[in-house]
Number of protein chains: 2
Amino acid sequence: MQQYGHCENNLRNILITICYDGKNYHGWQVQDNAVTVQEVFQDAIHKVFKTKPDIKGCSRTDSGVHANMYCINVKVDSKIPCERIVAALNRFLPYDICVKDCREVPLDFHARYSCIGKEYVYKIFNGRIRDPFLYGYALHYWYSMDIDKMRKAAQFYVGEHDFTSFCTLDKRNTVNMIRNVKKFEIDKIDNIVEMRVEADGFLYNMVRIMVGTLLRVCQGKIAENDIKRIINSKNRKMAGPTAPAHGLYLNRVFYDI
Amino acid sequence: MQQYGHCENNLRNILITICYDGKNYHGWQVQDNAVTVQEVFQDAIHKVFKTKPDIKGCSRTDSGVHANMYCINVKVDSKIPCERIVAALNRFLPYDICVKDCREVPLDFHARYSCIGKEYVYKIFNGRIRDPFLYGYALHYWYSMDIDKMRKAAQFYVGEHDFTSFCTLDKRNTVNMIRNVKKFEIDKIDNIVEMRVEADGFLYNMVRIMVGTLLRVCQGKIAENDIKRIINSKNRKMAGPTAPAHGLYLNRVFYDI
């Protein structure tokens with residue numbers, strides 16, 4: 001095997017799990033005119049490894065979206081033990097981003113393409129008066145919420161469906177609009193409503209449109225079993241609005257390794 | 001009765017309960033060279049009542065300290081119903097301060113002097129790796145914590161004592177250093193340790209020094225029953241360091257009305 005520049009044999013593929021408060025970032029992916037998590041994370045990687053390797057994130061996230069768990073893989077020619085990589089990266093990262101875990105994975109592992117599922121959480125603060133500590137961390141919704149009604153509606157999301165009605169169309173030209181939603185749970189503890197949705201993958205804005213549609217169900221503007229009809233229509237206009245980004249958390253990322 | 005300028009009979013004394021995220025403020029009390037909660041709150045009061053009444057807060061709080069409940073009284077010559085005052089003030093307040101409640105109280109009520117007790121909560125995040133969502137909201141303490149040991153030590157705080165050892169001496173010249181600590185509870189849920197202390201009043205930095213001293217107990221540098229000796233010494237140098245402000249929350253304020 002021909003070798004270019006450096007010895008391919010020393011390359012290690014490192015899976016890095018981070019967590020971040022997205023309040024101050026314009027999402028994950030590098031942009032020309034705004035600070036993103038990827039840009040800040042890349043700087044830390046360059047400082048620790050003294051090289052500029054490619055960084056593969058598990059997904060894009062929108063501006064203001066948070067991550068309790070976000071996965072990245074990076075191929076580096078370095079012998080630094082994983083345990084020390086965690087500490088070294090955290091030293092170079094700002095307080096709103098932190099590395100939770102780090103481990104070596106096979107060279108063909110890719111944070112995005114190897115992903116077999118994800119779980120998102122959407123948080124709603126359901127109280128009359130706003131809560132200063134939840135600003136930027138939960139949607140403030142002050143009307144009464146019928147949890148049972150939303151649960152019934154949400155069950156129509158579960159299963160393998162074409163989710164065209166729940167996708168913001170952009171330049172991505174996604175071809176396959178079919179996703180398999182494994183669960184959609186809704187719980188209320190005190191004033192906090194948490195929606196938890198797991199699927200093999202998500203279309204652009206899918207969770208936020210699902211949540212926005214459930215809020216329409218709450219308001220009596222969409223009936224519980226209309227969800228089925230909305231899915232079948234394959235028409236974005238039939239679903240509810242896109243709920244704000246700041247209530248959304250990427251919560252878990254699943255791999256088969 | 002002689003009347004000056006406006007009719008004293010129309011004066012109402014309004015008790016306003018607010019809640020604030022102290023991260024961006026230099027405490028409650030107005031300062032010449034820093035933004036404080038009082039200053040921002042005063043601006044909102046002036047906008048709503050079109051006058052500049054005196055504002056009495058229930059206590060000073062240090063820079064970075066939070067309040068789940070903070071009480072203020074203000075005497076105004078206005079007929080605006082309390083329910084509408086809440087909404088009006090919230091419209092003029094930034095997202096990190098909010099009015100929770102508002103009610104009329106007797107004219108001789110004073111937010112500070114009528115107060116018969118307070119409860120503070122101190123939050124500690126006890127995990128190895130920092131949590132971006134708790135930055136500024138809990139002390140990050142990564143060594144192991146022996147909750148039972150701290151609970152035993154904390155029981156020596158309970159009761160009526162001279163707390164000179166647990167007070168930062170400043171220009172305030174407090175004369176009476178005796179306070180009655182009614183409870184000191186410590187709980188751990190997942191990685192969060194919460195200390196909850198109630199007393200008839202608190203000296204300057206008293207809770208933060210009590211917490212700093214308990215951390216020294218955790219570290220084995222102070223024995224549980226040394227607390228009694230530290231109290232009796234009436235010497236600030238005997239106690240532990242002042243724990244950081246950002247873990248502290250004024251949680252409840254008690255009045256006899």
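Modeller: Let's begin with A:Gln38, which, leaving aside its neighbours within four places in sequence, is in contact with A:Trp28, A:Gln29, A:Val30 and A:Ile55. Please keep in mind as we go that this is a predicted model. A:Gln38 belongs to helix α1 of chain A, which covers residues 37–49. Is this residue buried or exposed? A:Gln38 counts as buried because its relative accessibility is 11%, and the cut-off for buried is under 20%.

Now let's step back to the chain around it. Chain A is divided into two parts, with domain 1 running over 12–105 and domain 2 over 117–254. Taken over C-alpha atoms, the centres of domain 1 and domain 2 of chain A are separated by 27 Å. Where they touch, domain 1 of chain A brings 15 residues to the contact and domain 2 of chain A brings 17.

How much area is buried between these two domains of chain A? The figure is about 1,400 Å², and carbon and sulfur atoms give 52% of it. On the side of domain 1 of chain A, three residues stand out: A:Asp62, A:His66 and A:Met69 supply 38% of the area this domain buries against domain 2, more than any other three residues.

Across the interface of domain 1 and domain 2 of chain A, one salt bridge is found. Ten residue pairs are in polar contact across that interface. Sorted by class, the side of domain 1 of chain A that touches domain 2 has six nonpolar, five polar and four charged residues.

Next comes the meeting of the two chains. Chain A and chain B put 26 residues each into their contact. The area buried between chain A and chain B is about 2,000 Å², with 63% of it given by carbon and sulfur atoms. In chain A, the residues that lose the most area to chain B are A:Tyr95, A:Arg130 and A:Phe133, which together make up 38% of what that side buries.

Two salt bridges are found across the interface of chain A and chain B. In a salt bridge between A:Glu83 and B:Arg128, the side chains meet at 3.4 Å, N to O. Eleven residue pairs are in polar contact between chain A and chain B.

Which elements of chain A give two or more residues to the side that touches chain B? They are β1 (12–20), β3 (66–76), α2 (82–92) and β4 (97–105) of chain A. β4(A) gives the most, with four residues. By class, the side of chain A that touches chain B has 16 nonpolar, three polar and seven charged residues.

One last stop is a loop with a backbone detail. A:Lys234 lies in the loop between α5 (226–233) and β10 (248–255) of chain A. Phi of A:Lys234 is near 50°, a positive value in a residue other than glycine. A:Lys234 counts as partly exposed because its relative accessible area is 49%. In chain B, B:Lys234 is placed in the loop between α5 (226–233) and β10 (248–255), and B:Lys234 has a positive phi of about 50° although it is not a glycine.

Notes: Residues are numbered from 1 along each chain as its sequence is written. Chains are lettered from A and ligands numbered from 1 in the order in which they are written. This is a predicted model: local features need pLDDT of at least 70, side-chain atom pairs count only at pLDDT 80 or more; totals for chains, interfaces and linings use all residues. Side-chain values use heavy atoms; hydrogens and water are left out. Domain bounds come from an automatic or database domain assignment. Contact means heavy atoms within 4.5 Å. Buried area is the accessible area (1.4 Å probe) that two parts lose on being put together, summed over both. A salt bridge is a side-chain nitrogen of Lys or Arg within 4 Å of a carboxyl oxygen of Asp or Glu. A polar contact is a pair of N or O atoms within 3.5 Å; within protein, one must be able to donate a hydrogen and the other to accept it, and residues adjacent in sequence count only if both atoms are side-chain atoms. Ala, Val, Leu, Ile, Met, Phe, Trp, Tyr, Cys and Pro count as nonpolar, Asp, Glu, Lys and Arg as charged, and the others, Gly among them, as polar. Buried means under 20% relative accessible area, exposed over 50%, partly exposed in between (1.4 Å probe, protein chains only).
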